[in-house]
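Dear colleague,

Please find the structure below, handed over for your own work. My notes on it follow.

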Amino acid sequence: MSYINGYSAEETARLDHQHGAYKAMLHGKLFSSRVRDAAARGEVKRVLDVGTGTGIWCYDALAELHALSGSQGQVIVGTDVVENEQWKAHSGPGRVFVQADLNDEAGMLKIAKEHGPFDVVSARLLSVAIKEGKWETFMQTLSKLLRPGGFVQLLEIDAINSHSCPTHAGQTYREGAEALIVPHALYRVSGCDPHCSPRLAERLRRSGFVGVTNELIYGDSHDVNADGSRTLNKAVDEWMQRTNEHLKPIFLKVRQLPHYKALLDRLPPWILELTDGRPEALLKDEAEYDDFARRHEKRWREDPAWHCAINVAVGQKAVI
Ligand SMILES: C[S@@+](CC[C@H](N)C(=O)[O-])C[C@H]1O[C@@H](n2cnc3c(N)ncnc32)[C@H](O)[C@@H]1O
């Protein structure tokens, strides 16, 4: 199956909302602290964003570089396998978009020849774009795009593991299990790795990057005010709603596949316990999905323990 989220106008809008949600959960910082430090020293001039989608990351990341370095003149190149209708709106001085398949090493190296080598290569939320078994090749390609000492920054949501929402407060609940079963089935049917997020750092190390670090960030659905009270973050709220809505028809189609049960083979043990070993019995039709979406929404809006787990792995290309 090709890229499972598809390329509709609705998906384009969802990606921009998703960006707003991530910006909120990362407290406005698109670059990790090590990259930000390098940018403040004026060492980040050329950045590549692989699988950029609408290019909104490039737009905001360039502004972040300007603010950090106190200077302009940096260039951010965004690439994606398909041209996005939003590229026009997000391009401008210092922002360039190029169509390229991340699996086509020669095509990617051509971009480095024209615009690189890069000081930073970023790849965000590509876990449903990179097939299982292809991560090492992908990372080796990224290394070839970087200058020695340049940074790779990978960010992925952990939709499956024990760090994800349902077990944060030591409790498990049905909509927590359902919220993991949906992406799990979609990762598996696309041939992608449901456990890629916590494995990023290990894979970077194995691919020869040095000084590899991993930061686990708990993204909240609420902002915490100065007096300690909490306000629902509109961007996160809207992104979560849109995502559940967007995934519904895709999941329900996958749910009907004869091998659906086999797609749920790597779920964490607590889901098996919660479902008497039958996770495939959940979410059996549209009514059950809608009911899940309602309970899930109530959870991220009302449960202070709700969060999503985000891994940001950073490594450097060795200086030989
Ligand atoms: C979930 S979106 C993330 C977009 C963007 N990185 C962001 O954080 O907003 C995944 C992106 O990967 C892109 N993609 C899928 N397969 C790809 C490939 N083979 N080469 C390059 N990009 C690809 C999709 O077109 C889509 O824009």
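L48 has V77 of β2 opposite it. The model is a predicted one, and that applies to everything in these notes.

The strands around that pair are β1 (residues 46-50) and β2 (residues 75-80), which run parallel and share five bridges. They belong to an open sheet of seven strands with mixed pairing, ordered β3-β2-β1-β4-β5-β9-β6. At its edges lie β3 (95-99) and β6 (210-219), each of which pairs on one side only. On average, neighbouring strands of this sheet are turned by 15° against each other, direction ignored.

What is A61 in contact with, leaving aside its neighbours within four places in sequence? The contacts of A61 are L30, F31, V47 and I76.

The ligand has 18 residues around it, of which G51, G53, V81, L102 and A129 come nearest. By class, this shell has nine nonpolar, six polar and three charged residues. Helix α1 (residues 9-25) supplies the largest share of the shell, three residues.

Regards

How values were computed:
Residues numbered from 1 in each chain as written. Predicted model: local features only at pLDDT ≥ 70, side-chain atom pairs only at ≥ 80, totals over all residues. Pairing = 2+ DSSP bridges. Helix = DSSP H or I, 4+ residues; strand = E, 2+ residues; numbered from the N terminus. Axes fitted to C-alpha atoms, helices over the stretch in contact; angles between N-to-C directions. Contact = placed C-beta atoms within 7 Å. Near = placed C-beta within 6 Å. Nonpolar A, V, L, I, M, F, W, Y, C, P; charged D, E, K, R; others polar.
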